[in-house]
Each structure stands twice: as structure tokens, then as C-alpha cells.
Amino acid sequence: MNEDLRELYRYRELLYMFTYRDIRVRYKQSIMGLFWAVLMPILIVSAGIVVRYAYAVASHRPLNKADIASVAVKSLPWAFIVSSIRFSCSTLVANQNVVTKIYFPKEVFPLAAVLASLFDMTIASSAIVLFLLLVRIGWSLQLLWVPVLLMTLVILVTGIGMIISAASLFFRDVKYIVEVFLTFGIFFTPVLYDIQMLGHRGEWLMLNPLAPILNGFSDCIVRHQAPALYWLAYSLIFALTALVAGFVFFKHLEPAFAESI
Amino acid sequence: MSEVAVRMDHVYKKFRKGEVYDSLRDLIPALAGRVFRQTELDQNDSREFWALQDLCFDVKCGEAFGIIGNNGAGKSTALKILSRIMRPTKGQLQVNGRLSALIEVTAGFHPDLTGRENIFLHGAILGMGRREIQSKLDQIIAFSGIEEFIDTPVKRYSTGMFARLGFSVAAHVDPEVLIVDEVLSVGDYLFQKKCVERMKEVLRKGTTVLFVSHNLKHISEFCDRCLMLQKGRTVAIGTAHEVVATYLQHSRRSLSDSRETGPARIAQTTLRSASGEISRFKSGDFASLDVEVLGCAPCKRLTVAIWMTNETADIVFETTIERLGGGSFNLDSGDTFRCTFEIQFNVTSGMYNLFALIYRHDTQTVYDECPAAASIYVSSADDVRGTAHCFPKVTHQELLRAPDRMTLVSENAADSAEGDPTCV
């Protein structure tokens, strides 16, 4: 594994080039250009407003701006998760020309998929920052948690991305399974709603390793409080395990890529 | 220099024929079925085949090593194992130093990116750093000869431009071990010439080269040693000329085995020079082609025709005994007719094939044709291109300066007098 990591480091420029290519190609030909990056968060926020409004009406409570801001803040990481997983799912098959012809550490494909989605998130976050400034959500030192949360998220998504990209090379129906999970995953992840809205049974949803991370974003950016540390530690351990397992899994299958694609 | 650059140690590669489960939907029932029925395993065994068996060779540092064989002989599998894209089923592979492959040189290109961007992308895929590419960028662009279109997306390129750019990038990786697979046939004649030059340069630098090609001329020209594969097994390994000769013999034999017999057939053809049977000549060398014809049934007015083709299958010359004034002959069952043609190879360097044919000249009925009576390689010390070697020589050359520059030339005469014989 040490050897594999060293090799990956040697090919870091390739990772950069693939990320650059993915970003460039995505923004070059599309009519929407940079708007593409904000499209999905905008849709998620709109859906969040609908859900929150329905909840407010049902519980006879006013709809406050913090709830909307919370959805906005969580929409970004969710869009990032969806796009990196969807992207890493197809990336090896889409690049089979290179996969079967030239030797290099193939994990650069899922990694580049995650990095390109991270770039999208960065673009979109400027829109969200603007929105947060407009609704005057304020700031606090708790914002220092953001990098920690972001890191946990990226680690987790990278691990999952590697597993899925390798699996989808061997089994073509993995991508349909992944699509189903991505479509319905939003109901099991507190993006449009808060865990608190479900009462104490909502705690079960925190077992979804994405939940503590998304909750954490909302806690430290919107509510100016520290994230739930135990749950965050749980997510971090889960993420690191996923990363190591994903890498080992990927590297184990890699020699068979060229024959099986 | 005797250090080993590449070592294949008893390498085997097994593939599975037929359908492989590529979706979970198929795999899960199959696995469930396998638990209940043990027979599934036996079935799988019969569907396996060995693409490579017991492949063993060493390539020394700085050596040019060729691999030849018919389609399906296992050349590509060997290369994929060498470049670590595939892992051998059994056996060990050892590569010392940075390895790069000139295979499918445009694989890394993305159609939406410009030529320049693709140079960086493809270069990175081949393992070059950004700084390394930056420093070679001008060279690469100049080599490809498409400076004008370098900032155009490559999807607008012609096939030739596309391939040229790919080769240019790949050719500028400086590996310690280079694998070349049939890429020298890219682009037009001039570009091919450039590629061959580049290959020679790489070899001069002391790079170890593994070369796979159907072009026997390139193999004979570049390689020190060569390996011939057939159905995954090593048939011959040795100096390039020996192995190329073996290869030609093999293909000749497999061609002549499939011939039908008519009333007369060509029993044997032998090409020999004064020093015995050989297949390598220099331009201008003489050789004799013996043709032996066997009569199987009575037939009349027979004559033997011979012709020679070059690599592109163009006929270099064609003649018959009758046209050369030897007349025709009759054969009865069991008769043998022998004739010898003397040929002078006034041709430029390359591979040539000789053919022989027996036919009845008045009715033009062909009785038997020998598909490749002999295959030869002609080398030439002079760089003369084209088909015929007419032994051109420069016997005189002079340069006459325009009268108005005479004063200027004589002023500089002191500096350049040594190198320029035309200065007065």
C-alpha cells in the first residue's frame, strides 16, 4: 500500500490534469457555464423551502430565515456528494480507452471526479455566501469547524467513490443501483429537514454517516454552535475506514480492470 | 551495458472465452446456481485458453528487441503484461527503469480540448510532469507539424493530424524502456520518415526498445534481437535476421500447405547467392532462383514466370522463361523440370517477395503458383529512395554566387574559405 501511495504521489500532476480536463470540458460546451454549478443547489434550496413551508403550516409555527439558511447551507454538500458519486461511478468506463491502453494509477479517475465536484461546490458556495450575507445570518468562531467538516465529507465521498467506480467497472448495473440510492438518499439524509423535526427517533438517522456532517454545517454556520462532537467523530471514523477500504479494494481489483471492462 | 532492463520469467496468461458476468443481475443467480451444481466449474475450465505460455526472455539495457508473430500470436498480450496493464496468471515480470509505451498514441486525447491542452493531458497520462512538458512543448509542436492548429479543439483535426500529435507527445517521453507497437505507420510518408528517425535517435541515446510490428523491414532495421510468437508460444528467439527468416519460412510453409495440385506443380524454389542460400542482400547483388517443376499429368507448352514485389505489393519486375527467350516445354507425369534465373537486385533497401508460377503460355492457364518463393531483405549503404536503385552518384557540384554579392563573399572569404570550396 505504501508503494501504491508513492506511485500516486508521482502521478499527482496527472490528477491535476484530469481534474482540469473534467472541469474544463464541463464548463466549456454547456450553455449554462458556471450557472451549472449553482443549478442543483438552487433546486435543492427551492425544494427545502417547500418542505419547510409545509412543515410550518402543519405545525402552526412561523417559517424563519434560519431554517431556509440551514437548507441552503446543507444543499451544497449534498450536491457535492451526488455529483462526485455519480461522476466516479461512470468515470472508469467512460475512459476505458485509456484504462485498457496505458499504465498509471487508475484511482486518479475517482479522485479527479471528487476534485472536479469540489470545484463546483466552491463556485456554488460563493452564491450561498452571498445569500447568507443577504439574510444577515451573522458569523461566529464556530466557522472554524467548516474545514474539519469539509475534510470529513471529502474523505468519506472519496472512499465511497473508489469503491463504486471499481465495482461499476465489473458490474454494469451498479450504476442503476447507485442512481436509486442517490435519488432516494435525500429522504434519509437531513438536507431538506432537520433531525430535530423527527423527535428523538430522529437520532437513528444520525447513523447515516452523512447526517452528522450536514448537521454540523448547519450548526456551525447558521446556528453558531459547535457540531455534535460524538457524532462527528463517528462520521470521521466511518469516513477514514471507507477511504482505506476503498483504496485497498480499488487497488486489489485494478490489475483486472483491462480484462474486465 | 549488460544489465537486464526487462525480464520475462516463465510468464503465462490465461483468458476466459465466452460470456463473462458483467452485471450483478446475472452474477447472483449464477453464484446461487454454482452452490447447488458442482458441474459449473468444469465447464469453465474448458472455456479457458492460454494467450501466452511459458514466455521467457531477457532484454539488456540499450538493446532493441523485436517481437513478431501472426495475428493472435499473443504479441499484444505480451505488451500489456510488459506495460503492467495486465497481470500475468503465472510467472514473474521485471522491469528496471521508467517504462513508456507507444501504443494507441491518441488514447488519452479529449476531443473538446485544444491541441495544446491535449499535449499536457496526454503527457501527464504518459507520466511526464508539467514542467517537463512545458520544456518540450515547442519541440513537440514542431515535430507534429501542426503549429497552425495547436489551439483548435482536436475534434476538428483530421485523422492524420490527430495521430501525428499523439505520436509527437509519446515520442518525447524519455523513458528508459520504450515499447513500440505498430505506431510507425502513422501519417504520411514524410511523417513516417520522421518517426523512424526519431526511433533511431532514441536508440542512439541508449534507450531499451521493445518493438512489435508486422513491418519486417523495420524489425530488421532496428532490432538486435527478436522473438517470434505463435499461438502464445515462443517459436524462435535470436538475432533479428535469423528470426525474421524463420518467420518468413513459417508463413511460406503455411501458405504452400493450402495449395491445390494441378497437372504440374512447383515442387521447390530456392534462392541462393554465390555463398549459399541466404535471404539478405545488398543493392546490386546477384542471386540465383532455382525453380523445380514436377509433372503430375501430361501437359504442354509450359513456361515458368517469376516476379518480385515490394512491401506495398507493387510489382518490381515480372518475366517468364519464354519472354527471356527460353521457349516452352512439355511435361509428362513424373517428369521434373529445373530452371535457374539469375537476378540482380538493383533495388533500394527494403523487404521483397519473389513469386513463381507455372502456366501454359498459349492458353494462359495457370497450373500452379508459389505464393512466396523467397522473401529477401535488401540493404543499401546509400540513402536512395524509390523502387529502383540506379546507383546515382554525385560527380560534380559547384555553387555560383550572384555577381552583385561577389564583393561581400570575398570580404568574408577569410572566415569561410575552409568550409566552403566555392569561395574565391
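**View 1. Chain A from end to end.** Starting at the N terminus, the elements of chain A follow the order α-α-α-α-α-α-α-α-α-α-α. That comes to eleven helices and zero strands, where helices (H or I, at least four residues) and strands (E, at least two) are DSSP runs numbered from the N terminus. With a radius of gyration of 19 Å, close to the 18 Å that the globule rule gives for 261 residues, chain A is as compact as a globular protein of that length. Here the radius is taken over C-alpha atoms, and the rule is 2.2 Å times the number of residues to the power 0.38. Please keep in mind that this is a predicted model: local features need pLDDT of at least 70 and side-chain atom pairs count only at pLDDT 80 or more, while totals for chains, interfaces and linings use all residues. Residues are numbered from 1 along each chain as its sequence is written, with chains lettered from A and ligands numbered from 1 in the order in which they are written.

View 2. Along the principal axes, the C-alpha atoms of chain A fill a box of roughly 60 × 40 × 35 Å. Buried residues make up 42% of the 261 in chain A; a residue is buried if 20 or more other C-beta atoms lie within 10 Å of its own, exposed if 12 or fewer, and partly exposed in between, with C-beta atoms placed from the backbone.

**View 3. Helix α4 of chain A.** This helix covers residues 65–94, and its 30 residues should span 44 Å at 1.5 Å a residue; the end C-alpha atoms are 43 Å apart, which agrees. The expected span is 1.5 Å times one less than the number of residues. Look for a kink of about 25° centred on A:Ser88, the bend being the angle between axes fitted to the seven residues ending there and the seven starting there. Because 22 of its 30 residues are buried, α4(A) is largely enclosed by the rest of the structure.

**View 4. Where chain B touches chain A.** Chain B brings 27 residues to the contact and chain A brings 23; two residues are in contact if their C-beta atoms, placed from the backbone, lie within 7 Å. On the chain B side, the elements giving two or more residues are α1 (24–36) and α4 (115–125). Of these, α4(B) gives the most, with four residues.

**View 5. B:Asp314 in its loop.** B:Asp314 sits in the loop between β13 (299–309) and β14 (315–320) of chain B. B:Asp314 is exposed, with 9 other C-beta atoms within 10 Å.
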